[in-house]
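Hi there,

Here is the structure I promised to pass on. Have a look at it first, and my notes follow below.

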Amino acid sequence: MSTGESFYITTPIFYVNDVPHIGHAYTEVAADVLARWHRARGDDTWFLTGTDEHGQKILRTATANDTTPQAWADKLVSESWLPLLNAINISNDDFIRTTDERHETSVRIFLQRLFDAGHIYTGEYKGYYCVGCEEYKQLSDLVDGTGPYEGQLVCAIHSKPVELLEEKNYFFRMSDFADRLLALYEEQPDFIQPESARNEVISFVKRGLDDLSISRSSFDWGVKIPWDDSHIVYVWFEALMNYATAVGYGVDDELFARRWPATHIVGKDILRFHAVIWPAMLLALDEKPPARVFGHGWLLVGGEKMSKSKLTGIAPQAITDTFGVDAFRYYFLRAIAFGQDGSFSWEDLSARYQAELANGFGNLASRVIAMVSRYRDGAIPAAGELTAADERVRTVAREVTATADAAIDRLAIHESIAAIWQLVDELNGYITSQEPWALAKDPANSGRLDTVLATAVHGLGTLAVLLAPVIPDAAGTLWAALGGSGAVSEQRIGSADEWSGSGAVTPLERPLFPRIEVTA
Ligand code: MSP
């Protein structure tokens, strides 16, 4: 066990009605970078992801595919969702499925406690339901349908007709919590991020909260309400609990106390569930609200949210097969300011791959290692007296380590990577200006060449440690080539700029980011 602070990070749990696209992979990679960074900081880190398997949407998909929802979920999890994690190198510590017995057990405890404390009552509800969102909609969330849906009201997100439902349900007294939620947003200004999302949620809650219908009786694919088995729990209400059930809520108090509260990374479309409903549920039981809820932007195609239902989904493998896993991870976190929408384009991906990964970083690593091999038989020399240029490299290494670390605390992943890249640029400029190849021509400059090579190797070592959370494979290969001891992931962020190689380099067998001929 590490002695650091507890850091519990989650992704949303994904619906298993369909296969993953790069929008889902984006959420996973962002959370993964944060988890890896915190581990490298020495924090007591726990990274949870998983699948959301109950509800009408999954039931209907399974029925349409002539199978049971459980069999459908099992198939999608084993054939699509677990392989996705492998395909993009996700380092999750746990994977929760809402059909897991452990989840259902904790859900029943959570519900019973809410019921016993008087937060649940019976009522009736009539409203427009979007199965795609698994949510009752307000009229203001709906638009007029076009094409085959002409004359019908459709969900603005899914562009599919909503259904008018009337049900006798159990309700959660969410309206009781508006003031306490507003106080929470006030007292903990970074609770909802980014700022635009925070403002939106605050004005939503200020308009007053309705109670929430939390059960269904028209179908039975879900967790039964403990005191009334003719009802199942509303899928979102149950799904939100996964963040607590996965760390032992109601079953293992010690574990729960160690992990909770969590930092939730979610898409902006599901921010309200996490920033309003979920904390209200926790407050009702006198549990701590989440530590933070970050709503990231959407990957857009043609200006719209990329989505399978609109047939605009791109499979992550379409990118990783050509560019590799590291480039996939790097690109989305570097090119899109975390919290804003971003349009995916093959041209931009290709251009950044070439300029930043292949030329900027990969080539730097190859050149430095090749020069140590050629001029010093692979032995990393010790630095002699430092000039201003050498000092500057060390200063930049120290500064970017601190800046990148502070950016991660603000969940500004793109800023963190941009800060690290200052060191890539600094080192490239350093090599150009110091011209080690010219120094190597005259034995009188041998001491100076030692210092330049040592400085460059030192800088690369810092880069390997700082980039390991983002591009784990390339950073690991570089670290090994530099003769770094242990795995790069075991190095500490706090001392990333302190390592100075003293062993020998091993030439890279192939470039970290080989040139790619795009034949599209
Ligand atoms: N099952 C719910 C979440 C329950 S969490 C208690 C759900 N699942 S989802 O599979 O539809 O979406 C999961 C995540 O993927 C959401 O954060 C959503 O925002 C994200 N994305 C889906 N399409 C996306 C893009 N085009 N771009 C970025 N993220 C996207 O909602």
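In this predicted model, Ile420, Trp421, Leu423, Val424, Leu427, Tyr430, Ile431 and Gln434 of helix α15 meet Arg448, Thr451, Val452, Thr455, Ala456, Gly459, Leu460, Thr462, Leu463, Leu466 and Leu467 of helix α17, where contact means heavy atoms within 4.5 Å. By class, the contact of α15 with α17 has 13 nonpolar, five polar and one charged residues; Ala, Val, Leu, Ile, Met, Phe, Trp, Tyr, Cys and Pro count as nonpolar, Asp, Glu, Lys and Arg as charged, and the others, Gly among them, as polar. Helix and strand names follow DSSP runs numbered from the N terminus (helices are H or I with at least four residues, strands E with at least two).

The axes of α15 (residues 413–434) and α17 (residues 446–467) come within 10 Å and cross at roughly 165°. Axes here are lines fitted to C-alpha atoms, for helices over the stretch in contact, and angles run from 0 to 180 degrees between N-to-C directions. The two helices are therefore roughly antiparallel (angles over 145 degrees count as roughly antiparallel, under 35 as roughly parallel, 65 to 115 as roughly perpendicular and the rest as oblique). α15 passes α17 in a left-handed crossing, meaning that the near helix is turned anticlockwise from the far one by less than a right angle; clockwise would be right-handed.

Threonine 451 is worth a click while you are there. This residue of α17 is buried, with a relative accessible area of 1% (buried is under 20% relative accessible area, exposed over 50%, partly exposed in between, with a 1.4 Å probe and protein chains only). Leaving aside neighbours within four places in sequence, threonine 451 is in contact with Ala382, Ala383, Gly384, Glu385, Leu386, Asp390 and Tyr430.

Another pair to look at is α5 (residues 178–187) and α6 (residues 195–206), which pack at an angle of about 155° with their axes 10 Å apart. These helices are therefore also roughly antiparallel to each other, and α5 passes α6 in a left-handed crossing. Ala178, Leu181, Leu182, Tyr185 and Glu186 of α5 make the contact with Arg198, Val201, Ile202, Val205 and Lys206 of α6. The residues of this contact divide into seven nonpolar, no polar and three charged.

Now for the backbone. Most residues other than glycine have a negative phi, and most peptide bonds are trans. The bond from glutamine 193 to proline 194 is cis, with omega near -5°, and proline 194 lies in the loop between β9 (192–193) and α6. A cis bond also runs from tryptophan 260 to proline 261, with omega near 10°; proline 261 sits in the loop between α9 (253–259) and β14 (262–267).

Aspartate 66 has a positive phi near 55°. It lies in the loop between α2 (56–64) and α3 (69–87) and is exposed, with a relative accessible area of 75%. Aspartate 377 has a positive phi of about 55°, lies in the loop between α13 (346–376) and α14 (388–409), and is exposed at 76%.

Two notes on conventions. Residues are numbered from 1 along each chain as its sequence is written, and side-chain values use heavy atoms, with hydrogens and water left out. As this is a predicted model, local features need pLDDT of at least 70 and side-chain atom pairs count only at pLDDT 80 or more, while totals for chains, interfaces and linings use all residues.

Best wishes
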